[in-house]
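Please look through the sequence and the model below before reading on.

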Amino acid sequence: MYGPLEWYEAAAASPVEMHWYAAYCKDVDDYSSFTGQTFVYNGQTLAVTHRAFAVGTPTPPPLVAPEALAEAARDVMVLPLPDVERNPKTTGAGLAGATFVNLPTWFWVTDPAAVGGATGRRTIRAEVAGGAVWAEVVATTQGLVITSPAGATSCPPTTATQVWSPGTDDTSGCTVAFERASVGYANGYPVTAATTWDATWTGSGGTGGTLPALARQTVTQVPVAESQAIVTTTG
């Protein structure tokens with residue numbers, strides 16, 4: 001009366017979650033039309049009074065809050081380190097890689113994505129349940145900050161990505177004028193190049209908000225030398 005054993009064996013082997021239901025017929029005179037299966041009760045042959053059957057119900061994906069998606073997306077957002085190149089870099093003996101006191105020294109990121117390109121923006125989107133739940137994170141930076149014991153500057157993305165070339169005006173680049181020589185620093189001044197990213201998000205269901213800021217930085221050694229000049233007079 002509970003159906004053949006094969007039903008249960010198939011259900012046990014199935015990867016699909018199964019729910020079992022029993023249907024009951026309240027009209028005794030309608031047993032045979034209900035199932036067409038019979039059994040013997042009190043010496044009489046009767047149709048099955050009820051019967052169990054399986055209904056497959058796929059397990060729904062877990063629902064995730066859009067904010068949780070936004071936090072996960074922020075954590076995996078690719079924000080390249082602000083590795084920098086610079087000019088000038090001398091090649092003379094004893095002064096390899098040095099710049100000079102009070103001379104505008106250009107810095108620029110080797111990967112423009114480190115400052116979000118020209119716009120200063122990076123975006124990432126995460127979604128689940130076929131896009132029913134989603135979140136998009138936008139990170140923005142004001143640009144590159146250069147700091148050292150003897151000079152500092154802050155540059156927007158447009159200048160932080162400007163590569164030095166001969167004849168280029170210093171006002172179009174990210175420059176630092178070191179105020180004194182790096183005497184006492186064996187390998188030159190430790191110069192930090194840093195970016196700070198503010199993060200906001202929007203998500204499904206009209207959700208959105210802000211997330212903790214992200215920061216990236218690198219440190220490079222910059223020797224700074226003093227140029228000597230000899231003044232002569234004639235007369």
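Ala194 stands opposite Gln217 in β14, and this pair belongs to the antiparallel pairing of β13 with strand β14 (residues 207–222), which runs over 14 bridges. Two strands are said to pair if DSSP finds at least two bridges between them, while the strands themselves are DSSP runs (E, at least two residues) numbered from the N terminus. In the hairpin of β13 and β14, three residues lie between the strands, and Gly205 takes a positive phi near 75 degrees. This is a predicted model, in which local features need pLDDT of at least 70 and side-chain atom pairs count only at pLDDT 80 or more, whereas totals for chains, interfaces and linings use all residues. Residues are numbered from 1 along each chain as its sequence is written, and side-chain values use heavy atoms, with hydrogens and water left out.

| Partner of β13 | Sense | Bridges | Opposite residues |
|---|---|---|---|
| β10 | antiparallel | three | Thr147 and Thr192 |

Within strand β13 lies Thr195, which is buried, with a relative accessible area of 1%; buried means under 20% relative accessible area, exposed over 50%, and partly exposed in between (1.4 Å probe, protein chains only). Which residues does Thr195 contact, leaving aside its neighbours within four places in sequence? They are Pro82, Ala114, Val115, Thr141, Gly143, Leu144, Leu214, Ala215 and Arg216, where contact means heavy atoms within 4.5 Å. The side chain of Thr195 also makes a polar contact with the side chain of Trp197, at 3.2 Å. A polar contact is a pair of N or O atoms within 3.5 Å; within protein, one must be able to donate a hydrogen and the other to accept it, and residues adjacent in sequence count only if both atoms are side-chain atoms.

The largest nonpolar core has 19 residues, of which Phe107, Leu144, Ile146, Phe178 and Val191 touch the most other members. Such a core is a set of buried Ala, Val, Leu, Ile, Met, Phe, Trp, Tyr and Cys residues joined through side-chain atoms within 4.5 Å. At least two residues of this core are supplied by each of β7 (105–109), β10 (144–148), β12 (174–176) and β13 (189–203), and the largest share, three residues, comes from β13. A second, separate core of 15 residues includes Leu69, Ala135, Val137 and Trp201. Val191, not counting residues up to four places away in sequence, touches several residues, among them Phe107, Ile146, Phe178 and Val222.

Three strands form an open sheet in the order β5-β7-β12, with antiparallel pairing. Because β5 (84–87) and β12 stand at the edges, each with a single partner strand, one side of each is left without a neighbour in the sheet. Between β5 and β7 the antiparallel pairing runs over four bridges, and Arg86 stands opposite Phe107 in β7.

Confidence is given as pLDDT, the predictor's confidence in each residue, from 0 to 100. The chain averages a pLDDT of 82, and 74% of the residues score at least 70. Among the elements of the chain, β13 has the highest mean pLDDT (97), whereas strand β4 (residues 50–56) has the lowest (47). Over residues 48–54 the pLDDT is below 50, although this stretch has 40 contacts in the model beyond near neighbours in sequence.
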